[in-house]
Each structure stands twice: as structure tokens, then as C-alpha cells.
Amino acid sequence: MHLPTTFETLIEEANQFNLYRKLVKQLNKDFLLANIDLDFHEDVLPTSLKLLLHETVYKLIQEKFTEYLNLLYIIDVSEKQVKALDGNDTLKLSEEVSFLILRREWQKVWYKNKF
């Protein structure tokens with residue numbers, strides 16, 4: 001599996017395989033497991049998904065860091081990838097972490113569909 005490198009590519013692949021709704025469901029499932037109150041509607045537009053996810057991750061980093069770490073653990077985002085990001089700008093960091101979250105969720109959905 002070749003992982004997408006941009007948000008747009010990820011959404012294109014999800015739509016191409018008709019897995020966008022499953023991606024949203026997987027996000028909802030993992031956020032619920034992490035006890036984070038964020039529930040996307042299955043028909044959420046990709047731009048809204050990106051914006052809401054980014055906003056939520058930003059707030060978690062700023063206000064609830066333990067819950068943020070728990071979320072990354074539950075979703076299974078690579079610690080190595082997160083540590084490689086520049087943490088000086090929280091806004092940019094939260095955007096990049098949001099993409100890592102989406103990419104990891106995409107991996108799960110793609111593998112479940114494939115196998």
C-alpha cells in the first residue's frame with residue numbers, strides 16, 4: 001500500500017474505492033474509544049472533516065494534552081512520525097498531526113476492505 005502524502009490525495013483514494021464513509025466511521029469509532037466528544041456525520045464534506053479534526057486536535061494539544069496522547073495511542077499514530085514534526089508552531093503541528101491521524105485511519109479502512 002502506498003500512503004497518500006496530501007489530504008487531497010487521501011480523499012481522492014477514499015472516494016475512488018468508495019470508502020470515504022468508512023473512513024469517517026473509523027474516525028468516529030476511535031474518537032469514541034478515546035472519550036473525545038467528536039462525532040462526524042457520515043456525509044460530512046472532506047473540507048469540513050479536515051477543519052473540524054484540525055480544530056479538535058489543536059484544542060486537545062492546548063487544553064487536554066493527556067487526552068491528545070491517548071487519542072494518538074488509540075489510533076496508533078506512529079510516535080516516530082509525531083516526534084519528527086516541528087512543535088514550535090502549535091497550529092501547524094495540529095494540522096500535521098490531523099493528517100497523520102487521517103492517514104492512519106485510512107490505512108485501517110483500506111486494509112479491512114482489502115483483506
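# Notebook: a walk through a predicted model

**Entry 1, histidine 54.** I started with histidine 54, which is buried at a relative accessible area of 17%. I keep in mind that I am reading a predicted model. The cut-off for buried is under 20%, so histidine 54 falls on the buried side with its 17%. I found histidine 54 in helix H3, which covers residues 46-63.

Next I asked which residues histidine 54 touches, leaving out those up to four places away in sequence. They are Leu91, Ser94, Glu95 and Ser98. I then looked at leucine 91 again: its backbone oxygen is 3.1 Å from a polar atom of the histidine 54 side chain. I also checked phenylalanine 7, which is 47 residues from histidine 54 in sequence and 12 Å from it in space, C-alpha to C-alpha.

I turned to helix H2 (residues 20-33) and helix H6 (residues 90-114), whose axes come within 9 Å and cross at roughly 115°. I noted the crossing of H2 and H6 as right-handed. Who makes the contact? From H2 I listed Lys22, Leu23, Gln26, Leu27, Lys29 and Asp30. From H6 I listed Ile101, Leu102, Glu105, Trp106, Lys108, Val109, Lys112 and Asn113. Sorted by class, the H2 and H6 contact has six nonpolar, six charged and two polar residues.

How many salt bridges does the count come to? I wrote down nine, and I looked into several of them.

- In helix H3, lysine 59 and glutamate 55 sit four residues apart, about one turn of the helix. Their side chains meet in a salt bridge of 3.7 Å, N to O. Lysine 59 is partly exposed at 43% relative accessibility, and glutamate 55 is partly exposed at 39%.
- Lysine 92 and glutamate 96 are four residues apart in H6, so about one helical turn separates them. I read 45% relative accessibility for lysine 92, which is partly exposed. Glutamate 96 is partly exposed too, with a relative accessible area of 24%.
- Arginine 104 and aspartate 76 join their side chains in a salt bridge of 3.1 Å, N to O. This pair links distant parts of the chain, 28 residues apart: arginine 104 is in helix H6, while aspartate 76 is in the loop between helix H4 (65-75) and helix H5 (79-83). Aspartate 76 counts as partly exposed at 46% relative accessibility.
- I also found a network of salt bridges that links Arg21, Lys25, Glu42 and Asp43.

My last stop was the backbone angle phi. Most residues other than glycine have a negative phi. Where is asparagine 18 placed? I located asparagine 18 in the loop between helix H1 (7-16) and H2. Is asparagine 18 buried or exposed? At 68% relative accessibility, asparagine 18 counts as exposed.

Asparagine 35 went on my list as well, with a positive phi near 60°. I placed asparagine 35 in the loop between H2 and H3. The cut-off for exposed is over 50%, so asparagine 35 is exposed with its relative accessible area of 71%.

Methods
Residues numbered from 1 in each chain as written. Predicted model: local features only at pLDDT ≥ 70, side-chain atom pairs only at ≥ 80, totals over all residues. Heavy atoms only, no water. Axes fitted to C-alpha atoms, helices over the stretch in contact; angles between N-to-C directions. Helix = DSSP H or I, 4+ residues; strand = E, 2+ residues; numbered from the N terminus. Left-handed = near helix turned anticlockwise from the far one by under 90°. Contact = heavy atoms within 4.5 Å. Nonpolar A, V, L, I, M, F, W, Y, C, P; charged D, E, K, R; others polar. Buried < 20%, exposed > 50% of the residue type's maximum accessible area, 1.4 Å probe, protein only. Polar contact = N/O pair within 3.5 Å; in protein donor to acceptor, adjacent residues only side chain to side chain. Salt bridge = Lys/Arg side-chain N within 4 Å of Asp/Glu carboxyl O.
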